[in-house]
Amino acid sequence: MLRALSRLGARPQCGPPAPLLLPARGRKTRHDPPAKSKVGRVATPPTVDPAEFFVLSERYRQYRQTVRALRLQFVSEVRRKVYEARAGVLAERKALEDAAEHRELMAWNQAENRRLQELRIERLRREAREQEQRQAEEKARQARETEAWVQLKEREVLQLQEEAKNFITRENLEARVEEALDSPKNYNWAVTREGLVVRPQHKGS
């Protein structure tokens, strides 16, 4: 037997390898005819108790339902863990991005505040200089007006002093009366439409 198997399993020297064929005891192919003792045999299934069949069917249904529920529960737990892991990573990444963005915005805000503060300080200094300049100009204008008013009053005083020299006082009253008598003035005259002065004619002239 072993010698025959060895001859069947031996490969030829040339050509493709031949398949190894081993005999199968008690096995027939689907093309072999049935045995003579089983030509007229009819396969009848064994009888089943209805009560036992109902109990087994109910138990199998409960078993399948329980297994399905457990499978769904396990799947949901696995998905939840995966989602939590992903959500945790995403949340951590989002928190880091938000923190970085917050730092950048705070830095920009501080820089903008410094820039605006510098502009405000410069504007206040410029306004202070302009106000000082306006105050200086106003003081200079007031000083000029005061000086002009003083000069005007001085001229008025000088004019009054000059006019006061011709005033009639107790001391020069007699001299003025004699001077008026010595140089009489006639104010009896008229002015024509053409602007000519018409004086009266004396009889002796």
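Helices are DSSP runs of type H or I with at least four residues, numbered from the N terminus. The views below come from a predicted model, where local features need pLDDT of at least 70, side-chain atom pairs count only at pLDDT 80 or more, and totals for chains, interfaces and linings use all residues. Residues are numbered from 1 along each chain as its sequence is written, and side-chain values use heavy atoms, leaving out hydrogens and water.

**View 1. Ile168, Leu173, Val177 and Leu181 make a nonpolar surface patch of about 400 Å².** Such a patch joins nonpolar side chains (Val, Leu, Ile, Met, Phe, Trp, Tyr) within 5 Å, taken from residues with over 30% relative accessible area and no salt bridge. Areas come from the Shrake-Rupley method with a 1.4 Å probe, and for residues only the protein chains shown count as cover. Look for Val177 in helix H3 (residues 173–182). Val177 has 42% relative accessibility, so it counts as partly exposed (buried is under 20%, exposed over 50%, partly exposed in between).

**View 2. Glu84 and Arg80 meet in a salt bridge, 3.1 Å from N to O.** A salt bridge needs a side-chain nitrogen of Lys or Arg within 4 Å of a carboxyl oxygen of Asp or Glu. Why are Glu84 and Arg80 separated by about one helical turn? Because they sit 4 residues apart in helix H2 (residues 50–164).

**View 3. Glu138, Arg141 and Glu145 are linked in a network of salt bridges.** Between Glu138 and Arg141, the closest N and O atoms are 2.1 Å apart. Glu138 is partly exposed at 32%, and Arg141 is partly exposed at 33%.

Technical notes. Patches are made of residues with over 30% relative accessible area and no salt bridge: like charges are joined within 9 Å, nonpolar side chains (Val, Leu, Ile, Met, Phe, Trp, Tyr) within 5 Å. Helices (H or I, at least four residues) and strands (E, at least two) are DSSP runs, numbered from the N terminus. Buried means under 20% relative accessible area, exposed over 50%, partly exposed in between (1.4 Å probe, protein chains only).
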